[in-house]
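The sequence and structure are shown first.

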Amino acid sequence: MIWRKGAEDSALSGPRPALPGGILAAQKSGRDCVMIFIWILAVLAAFFLAVMAVDCNRFVIRRYRCKMESLKKDGRFLLLSDLHNKSFGKGNEKLLTAIRRLNPDAILIAGDMYTSTKGGGMESAKALVCSLAAEYPVYYGNGNHEFKTRIYPEQFGNMYQEYISAIKKAGVTHLVNDKAYLPDFNLEIYGAEIGWEYYGKFDSVKMEASYLGGLLGKPKAGQASLLIAHNPDYFEAYARWGADLVVSGHVHGGLMRLPFLGGVISPAMKLFPKYDGGEFHEGKATMVLGRGLGTHTLPIRIFNPGELVVIEAGRW
């Protein structure tokens, strides 16, 4: 028998049976679905990037009315926080113009005006705060970024000392576990710098009832008390301490805000944090939590522009 390899190869390599029409249609439909899904993802990504680009470079004015029965007279206070050395226009002119139009009685700063990065810039923050101090009384409480640069000079050099020296020279009242009394309003403003352990990730350290009293003493009866406390997670402890009004920042509004759910994530890596921005109440205490003005590390703000907060305080 003669083996005819060529003939067998030819037979094996002949035309394959055609696939049924239904299978071909299913394959084409599957490819079309994948392409549609990819296009949807691309459009959504472009949309969110556009929103983020806009929200990272704008701010809105948010207003609150807060009752403080011991005030001698009504007052308008502006709250700034979490600028992270951001500049809205040359020399922060857009922000300064908005503040001047609001004509506040005083400025409250709840920390993180610059970012604790080695060799990082702070000129925009310093220039803004000094400009404000030339026109208004400014009361400044540290955030975790100021705190970090203060307690780790081996990492950040004289960054903190240089900044604080400049703003104090400009006339800022810098409150680090200290207080200032405003006799015209019968208002005591406190600035709390809580320990580094209270800025941990994923889990919160309990704040004992006596902790704030050890830092600040107790509020005086018959005086209105306003507490600048950067981290809002301890609002219940601030209320127990005796604050009438607490102003905070830190959370940046949760980076991205979703309808009905609010802010998505906090610096403590908590999803949908309880305190993400806005007005909160605990007993007789009120907290106004600003969503901040800038960003750091992850430059993300989606449906979450920066905020300049106006607080109308009165006896009403």
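Which residue forms a salt bridge with Arg-291? The partner is Glu-307, and the closest N and O atoms of the pair are 2.5 Å apart.

## Basis of the values

This is a predicted model, in which local features need pLDDT of at least 70 and side-chain atom pairs count only at pLDDT 80 or more, while totals for chains, interfaces and linings use all residues. Residues are numbered from 1 along each chain as its sequence is written, and side-chain values use heavy atoms, with hydrogens and water left out.

The structure holds 13 salt bridges, a salt bridge being a side-chain nitrogen of Lys or Arg within 4 Å of a carboxyl oxygen of Asp or Glu. In the pair formed by Glu-307 and Arg-291, Glu-307 lies in strand β14 and Arg-291 in the loop between β13 (285-289) and β14, so the bridge ties together parts that are 16 residues apart in sequence. Helices (H or I, at least four residues) and strands (E, at least two) are DSSP runs, numbered from the N terminus. Glu-307 counts as buried at 1% relative accessibility, and Arg-291 counts as buried at 9%. Here, buried means under 20% relative accessible area, exposed over 50%, and partly exposed in between (1.4 Å probe, protein chains only). A network of salt bridges links Arg-62, Arg-291 and Glu-307.

Strand β14 (residues 306-314) also contains Glu-312. The side chains of Glu-312 and Arg-76 meet in a salt bridge with an N to O distance of 2.7 Å. Arg-76 belongs to strand β2 (residues 75-80) and Glu-312 to strand β14, so this pair ties together parts that are 236 residues apart in sequence. Glu-312 counts as buried at 19% relative accessibility, whereas Arg-76 counts as partly exposed at 25%. Leaving aside neighbours within four places in sequence, the residues in contact with Glu-312 are Arg-63, Tyr-64, Arg-65, Cys-66, Gly-75 and Arg-76; contact means heavy atoms within 4.5 Å.

Lys-126 and Glu-123 meet through their side chains in a salt bridge (3.3 Å, N to O). Both residues lie in helix α4 (residues 123-133), 3 residues apart, about one turn of the helix. Lys-126 counts as buried at 12% relative accessibility, whereas Glu-123 is partly exposed, with a relative accessible area of 48%.

## Pocket and cavity

On a 1 Å grid over the protein atoms alone, a cavity is a set of points where a 1.4 Å probe fits but cannot get out, and a pocket is an open set with protein on both sides within 12 Å along at least five of seven lines; lining residues have an atom within 4 Å of a point. Grid points are joined across faces, edges and corners, and a volume is the space filled by probe spheres set on the points.

The largest pocket has a volume of about 620 Å³. Its lining comprises 32 residues, of which Asn-144, His-145, Lys-201, Pro-267 and His-296 lie nearest the centre. By class, this lining has 13 nonpolar, 14 polar and 5 charged residues. Ala, Val, Leu, Ile, Met, Phe, Trp, Tyr, Cys and Pro count as nonpolar, Asp, Glu, Lys and Arg as charged, and the others, Gly among them, as polar.

The structure holds 1 cavity of 30 Å³ or more, and the largest cavity contains about 40 Å³ of space. Its lining is formed by Met-207, Glu-208, Ala-209, Leu-212, Ala-237, Arg-240 and Trp-241. Helix α9 (residues 235-241) gives the most to this lining, with 3 residues.
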